[in-house]
Amino acid sequence: MRVLGVDPGLTRCGVGVVEGVAGRTLTMLGVGVVRTPADVELGHRLVAIERGIEEWLDAHRPECVAVERVFSQHNVRTVMGTAQASAVAMLCASRRGIPVALHTPSEVKAAVTGSGRADKAQVGAMVTRLLRLDAPPKPADAADALALAICHIWRAPAVNRLQQAHAAAAASRTSRAPRTPAVLAPAPPVRKVPR
């Protein structure tokens with residue numbers, strides 16, 4: 001499975017491509033950051049992010065795009081920018097028919113480090129180790145994008161099995177549902193015949 005991980009952000013949008021399957025050695029195919037200047041109008045920044053992600057999609061042809069799920073922070077402005085960059089990534093993938101998966105930061109940290117409370121340095125160190133890199137990718141947004149891709153590769157088989165189990169259970173409930181009896185016309189009244 002080849003996954004493009006996207007750590008959304010307006011100034012730095014981390015992107016990283018990882019290939020492999022759960023339980024096997026993973027391979028990094030590319031990592032980087034799509035940057036936009038803070039002094040440029042928002043619409044132009046979003047177009048620049050779109051172009052950058054489209055280039056990554058063209059170059060690497062991923063089977064899935066894993067995007068960090070936006071979560072509430074104290075700084076509403078930061079959340080808005082992250083959400084807007086996230087939407088651009090989802091739009092680019094969906095336009096091409098590429099499935100999109102959303103993972104929370106704690107899911108990604110837990111998948112990569114074993115702790116949902118790991119800090120950026122721990123995530124970077126584990127990404128470096130798991131992908132057999134010489135040094136952690138810089139900036140941290142790039143390492144986070146790789147961590148998203150790794151998380152998705154490792155979690156996808158379990159998520160797929162859960163979805164299949166839910167679908168099978170729903171189909172089973174439907175097939176075992178009591179059938180509504182056919183509505184019969186009332187029987188004609190019985191007449192007593194005198195003897």
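Helix α3 (residues 105-113) packs against helix α4 (residues 120-130) at an angle of about 50 degrees, with their axes 9 Å apart. The model is predicted, so local features need pLDDT of at least 70 and side-chain atom pairs count only at pLDDT 80 or more, while totals for chains, interfaces and linings use all residues. Residues are numbered from 1 along each chain as its sequence is written, and side-chain values use heavy atoms, with hydrogens and water left out.

**Helices α3 and α4**
- K109, V112 and T113 of α3 meet Q122, V123, M126, V127 and L130 of α4, where contact means heavy atoms within 4.5 Å.

**Strand β4**
- Five of the five residues of β4 (residues 64-68) are buried, so the strand is largely enclosed by the rest of the structure; buried means under 20% relative accessible area with a 1.4 Å probe, protein chains only.
- C64, A66 and E68 lie on one side of β4 and V65 and V67 on the other, and both faces are covered.
- Strand β1 (residues 2-7) runs parallel to β4 and is joined to it by four bridges, with G5 opposite A66.
- Strand β5 (residues 100-103) also runs parallel to β4, through four bridges, and H103 is the bridge partner of E68.

**Residue L57**
- L57, in helix α1 (residues 42-60), is buried, with a relative accessible area of 1%.
- Leaving aside neighbours within four places in sequence, L57 is in contact with L4, P62, V65, C92, A93, R96 and I98.
- L57 and L4 are 53 residues apart in sequence, and their C-alpha atoms are 7.9 Å apart in space.

Notes. Helix = DSSP H or I, 4+ residues; strand = E, 2+ residues; numbered from the N terminus. Buried < 20%, exposed > 50% of the residue type's maximum accessible area, 1.4 Å probe, protein only. Axes fitted to C-alpha atoms, helices over the stretch in contact; angles between N-to-C directions. Pairing = 2+ DSSP bridges.
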